[in-house]
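This note sets out, point by point, what a reader may wish to check in the model shown here. Each point is meant to be read beside the coordinates.

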Amino acid sequence: MRPVFVIDINKCVGCRACVAACIVEHGQVFTAAKPANVGKPLTVRLRTWVEWREGPGPSRRFISSLCYHCEDAPCQRVCPTGATYKTKKGVVLVDKNLCIGCGYCIIACLYGSRYRPEPHEWREAEEQPLVKEAKASAQYGGVMFKPPVPNKWAFRADAVDKCTFCYHRYDGKLWKPACVEVRPTGSRLFGDLDDPNDPVAELVRRGVAKLARPDLKTGGRVYYVGL
């Protein structure tokens, strides 16, 4: 099995349901209240995010980003403790118990897909007025704080964080990441490159889905349609 992630930006409407699902799945601070100037859930950094790009004329495109799970991963090469490692399926993960927070992998990542949440940022996020206001209306689905998740790669304030393809869901067969489950328009897809009948993998094999930065020569398991 070789899991592959495909993002069709022609179908993305910028709802950021994927961002919210990721935050909840991995135990970060999340509020459903929407800041007027940004329009994304309030959190301390993100494993996946959606960028707005204004086009020519009255048009806008939404570009989703996450860890590309490089075939030749610079972050893995520079990790001094072996905390960054790759599974047999090609998924790049961080062992939170080995991570010392040195930040070498953050610098080495060519895509800006890693971050280190500082403790003071975590505390400040919980004290934001927006979070406090949403907390008062929690019965309406307004806010959740660090929900318990059975996931050893979940968010921890003392270690580097990144997308894991929701690898904790793997149980011997192809799984579905949380963000893929909630996409309303089918803009996020997950498949198996080793399955000759997989329609998602077929997009990659036919060249319909392409790497975001082939010039960087890292390879990867995240492809785009329409980029």
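1. Burial. A residue is called buried here if its relative accessible area is under 20%. Cys109, at 17% relative accessibility, is therefore a buried residue. The model is a predicted one, and the remarks below should be read with that in mind.

2. Overall make-up. The chain contains seven helices and ten strands. Of its 227 residues, 49% are buried. Among contacts with a separation of 6 or more, 64% are between residues 24 or more positions apart. The chain exposes about 11,300 Å², and 54% of that area is supplied by carbon and sulfur atoms.

3. Cysteines. How many disulfides does a search of the whole structure find? The search finds zero. Cys67 is in no disulfide, and the nearest cysteine sulfur, that of Cys163, is 5.8 Å away. Cys67 is also buried, at 8% relative accessibility. For Cys109, the closest cysteine sulfur belongs to Cys75; the two sulfurs are 6.4 Å apart, which is too far for a bond. The cut-off behind this reasoning is a sulfur-to-sulfur distance within 2.5 Å.

4. The largest nonpolar core. In soluble globular proteins, nonpolar side chains tend to be buried together. In this model the largest nonpolar core has 42 residues. Phe5, Ile7, Leu66, Phe165, Trp175, Val222 and Tyr224 have the most contacts inside this core. At least two core residues come from each of β1 (3-8), α1 (17-25), β4 (60-65), β6 (92-94), α6 (178-182) and β10 (222-225). Helix α1 gives the largest share, four residues.

5. Helix α1. Seven of the nine residues of α1 are buried, so that the helix is mostly covered. The buried residues are Cys18, Val19, Ala20, Ala21, Cys22, Ile23 and Glu25. After the helix comes Gly27, with a positive phi near 80°.

6. Aromatic residues. The structure holds ten aromatic pairs. Ring pairs join Phe5, Trp153, Phe165, Tyr167, Tyr170, Trp175 and Phe190 in a cluster. Phe5, Phe165 and Trp175 are also among the residues with the most contacts inside the largest nonpolar core.

7. Strands of a sheet pair through backbone hydrogen bonds, either parallel or antiparallel. Four strands of this model form an open sheet with mixed pairing, in the order β8-β1-β10-β9. Why is one side of β8 and of β9 left without a neighbour in the sheet? Strands β8 (188-192) and β9 (210-211) stand at the edges and each has a single partner strand, so one side of each has no neighbour there. Strands β1 and β10 run parallel and are joined by four bridges.

8. Tyr224. The bridge partner of Ile7 in β10 is Tyr224. Leaving aside neighbours within four places in sequence, Tyr224 is in contact with Ile7, Ile9, Ile63, Ser64, Ser65, Tyr68, Val208, Ala209, Lys210 and Ala212. Tyr224 and Ile7 are both listed among the residues with the most contacts inside the largest core.

9. Which residues beyond four places in sequence are in contact with Val204? They are Val4, Val6, Leu193, Ala209 and Tyr223. Val204 lies in helix α7 (residues 199-205) and is buried, at 15% relative accessibility. Val204 and Leu193 are eleven residues apart in sequence, with their C-alpha atoms 8.2 Å apart in space. Apart from the core of 42 residues lies another, of ten residues, which includes Val6, Leu193, Val204 and Tyr223.

10. Arg16 is buried, with 8% relative accessibility.

Notes:
Residues are numbered from 1 along each chain as its sequence is written. This is a predicted model: local features need pLDDT of at least 70, side-chain atom pairs count only at pLDDT 80 or more; totals for chains, interfaces and linings use all residues. Side-chain values use heavy atoms; hydrogens and water are left out. Buried means under 20% relative accessible area, exposed over 50%, partly exposed in between (1.4 Å probe, protein chains only). Contact means heavy atoms within 4.5 Å. Accessible areas come from the Shrake-Rupley method with a 1.4 Å probe; for residues, only the protein chains shown count as cover. Rings of Phe, Tyr and Trp (its six-membered ring) pair if their centres lie within 6.5 Å; planes under 30 degrees apart count as stacked, over 60 as edge-to-face and the rest as tilted. A nonpolar core is a set of buried Ala, Val, Leu, Ile, Met, Phe, Trp, Tyr and Cys residues joined through side-chain atoms within 4.5 Å. Two strands pair if DSSP finds at least two bridges between them.
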